[in-house]
Amino acid sequence: MNENAKLELNKALEISKKKTLRELFAAEENRASRYTVKAAGWLLDYSKNLVDKKAMKHLIAMAEASSLKEEIERMFSGEKINATEGRAVLHTALRNVDENAKVIVDGVDVIPEVRATLAKMAEFSNLVRSGKWLGFTGKKIKSIVNIGIGGSDLGPVMANIALTPYSKRSIKCYFVSNVDSTHLAETLRQVKAESTLFIVASKTFTTQETMSNAAAAREWLVARLKDDKAVARHFVAVSTAAEEVKKFGIDTANMFGFWDWVGGRYSLPSAIGLSLMISIGPANFTKMLKGYWKMDTHFRTAPFERNMPVILALLGILYSNGYGAQSYAVLPYDQYLSRLPAYLQQLDMESNGKSVARDGSKATWDTGPIVWGEPGTNGQHAFYQLIHQGTRLIPCDFIAACRTHNEISDLHDKLMANFFAQTQALALGKTADECRAEGVSEELVAFKTFEGNKPTNTLLTEKLTPETFGALIALYEHKIFVQGIIWNIYSFDQWGVQLGKVLAKGVLADLTSAKHSFAHDSSTNALVATYRKALKR
């Protein structure tokens with residue numbers, strides 16, 4: 001964060017702390033409309049934030065002081081903004097539905113290759129969905145098991161749940177990521193070998209967790225179908241490592257590639273989304289891409305003061321760097337979005353969980369916040385007490401759709417009543433005088449008073465569809481990008497993921513070898529010894 005950006009943040013903070021949300025609403029009769037933005041099928045009401053017109057002006061100036069506009073263009077145009085890995089960052093190219101689009105990387109337009117991969121995915125998906133792709137014994141595919149981890153799992157599993165209403169119900173999708181054998185074992189208990197298709201998602205085909213699970217799944221399949229040749233009819237790969245894929249027994253004609261300019265946590269619109277395309281069909285997958293593209297276009301072209309991702313990013317920085325908020329809660333009032341908080345944990349925390357500035361110096365400001373959440377109304381009976389009356393400031397994003405896919409009695413009205421009431425309660429609270437007016441005894445007034453002034457964003461769409469879903473994911477992608485730019489960190493590498501993996505290889509050798517090397521620190525040596533003793537090694 002440069003000095004000009006810090007100066008603007010401090011000015012915004014000074015204004016922000018002067019008035020409560022009660023006072024802000026009292027001062028602006030049209031506050032709700034002034035602080036509402038619409039884009040790509042979504043409405044953002046950010047009126048319940050600790051800002052006024054002057055504070056927002058300084059926050060916008062903070063973005064401008066960080067050269068945000070130029071950085072947005074650098075990303076969309078294919079410059080190698082992932083500097084520590086020397087890569088472009090072009091997840092936006094995966095969903096660019098503009099017929100005349102061209103995106104050049106190293107002198108090559110990547111759009112034709114992207115569309116060729118999507119066409120290949122569509123052809124394969126249609127074969128599976130129509131029952132024309134048969135297993136080794138001639139049975140139709142009824143179960144899809146996606147084996148991946150990180151972005152190769154979190155995106156597809158979250159999206160498959162989110163778009164369940166659009167899925168082909170006769171094909172069930174399962175997801176295996178954890179190298180804990182229980183995850184694979186419990187999944188395999190639910191499927192039959194002759195009607196199951198495995199999608200192995202690993203760019204290099206060397207990811208330890210993914211390939212360990214894939215090898216075990218292969219062994220399970222061959223044991224039941226009694227022939228190694230069965231692998232070619234029951235396994236496909238999302239990878240670029242053709243030789244490794246071939247060694248595994250997968251026909252490379254059934255290998256779907258993607259590119260080094262697509263980060264794992266941004267890869268859902270790529271071949272990583274193959275399980276989703278099989279589930280919801282190519283037409284709905286294309287609608288999802290259109291939703292992404294609509295939000296991409298809005299982000300790239302809208303002025304900052306009406307730019308939804310920019311506004312969310314600036315408010316997040318105000319609370320993180322101004323008020324010291326260490327986390328924010330994502331609260332979808334939609335059961336189909338139950339895995340959205342987990343997905344956003346990786347998207348945000350892997351992107352902006354950095355303590356080193358772009359010049360290699362130690363960052364002197366807080367960066368990536370902790371992301372967490374749970375669907376409403378479940379969370380109301382769990383952690384909302386802390387948000388309402390705890391000592392920590394926890395900004396919240398409330399997300400919902402006006403129309404439900406499942407009309408049962410008045411359940412959706414009750415859900416939405418809670419949705420609207422919670423943001424009102426968090427913003428305005430309840431004063432001691434209001435408690436007394438309700439007849440609360442004096443000894444309980446302090447306990448039943450709510451100070452309010454808890455900031456929230458409300459994101460509302462007409463209905464959760466493939467298109468509005470795609471737009472929602474793009475919204476958070478771009479929000480995170482904006483914050484990384486202002487914090488002056490690299491959002492598209494993830495070196496912190498690697499150290500534990502490297503050390504695990506050495507520890508694994510000590511767990512399985514004939515003799516313990518005792519080559520680690522005293523704690524690790526003792527724990528390994530306890531493990532070996534339990535297994536009588």
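Predicted model: local features only at pLDDT ≥ 70, side-chain atom pairs only at ≥ 80, totals over all residues.

**Salt bridges and a neighbouring helix pair**

Mentor: Lys354 and Asp493 join their side chains in a salt bridge, with an N to O distance of 2.9 Å. This pair ties together distant parts of the chain, 139 residues apart. Lys354 belongs to the loop between α15 (340-352) and β11 (370-372), while Asp493 belongs to the loop between α20 (466-487) and α21. Both partners, Lys354 and Asp493, are buried.

Arg436 forms a salt bridge with Asp433, and their closest N and O atoms are 3.0 Å apart. Here the two residues, Arg436 and Asp433, both sit in helix α18 (residues 432-437), three residues apart, which is about one turn of the helix. Asp433 counts as exposed because its relative accessibility is 56%, and the cut-off for that class is over 50%. Arg436 has a relative accessibility of 38% and therefore counts as partly exposed.

Glu85 is partly exposed, with a relative accessibility of 23%. Arg87 is likewise partly exposed, at a relative accessible area of 28%.

Salt bridges also occur here as a network, which links Glu71, Arg74, Glu79 and Arg358. By the rule applied, the count comes to 24 salt bridges. In general, side chains of opposite charge can pair when their charged atoms come close.

Helix α21 spans residues 498-512 and helix α22 spans residues 522-534; their axes come within 9 Å and cross at roughly 35°. The crossing of α21 past α22 is right-handed. On the α21 side, the residues in contact are Val507, Asp510, Leu511 and Thr512; on the α22 side, they are Val528, Tyr531 and Arg532. Sorted by class, this contact comprises four nonpolar, one polar and two charged residues.

Key:
Residues numbered from 1 in each chain as written. Heavy atoms only, no water. Axes fitted to C-alpha atoms, helices over the stretch in contact; angles between N-to-C directions. Helix = DSSP H or I, 4+ residues; strand = E, 2+ residues; numbered from the N terminus. Left-handed = near helix turned anticlockwise from the far one by under 90°. Contact = heavy atoms within 4.5 Å. Nonpolar A, V, L, I, M, F, W, Y, C, P; charged D, E, K, R; others polar. Salt bridge = Lys/Arg side-chain N within 4 Å of Asp/Glu carboxyl O. Buried < 20%, exposed > 50% of the residue type's maximum accessible area, 1.4 Å probe, protein only.
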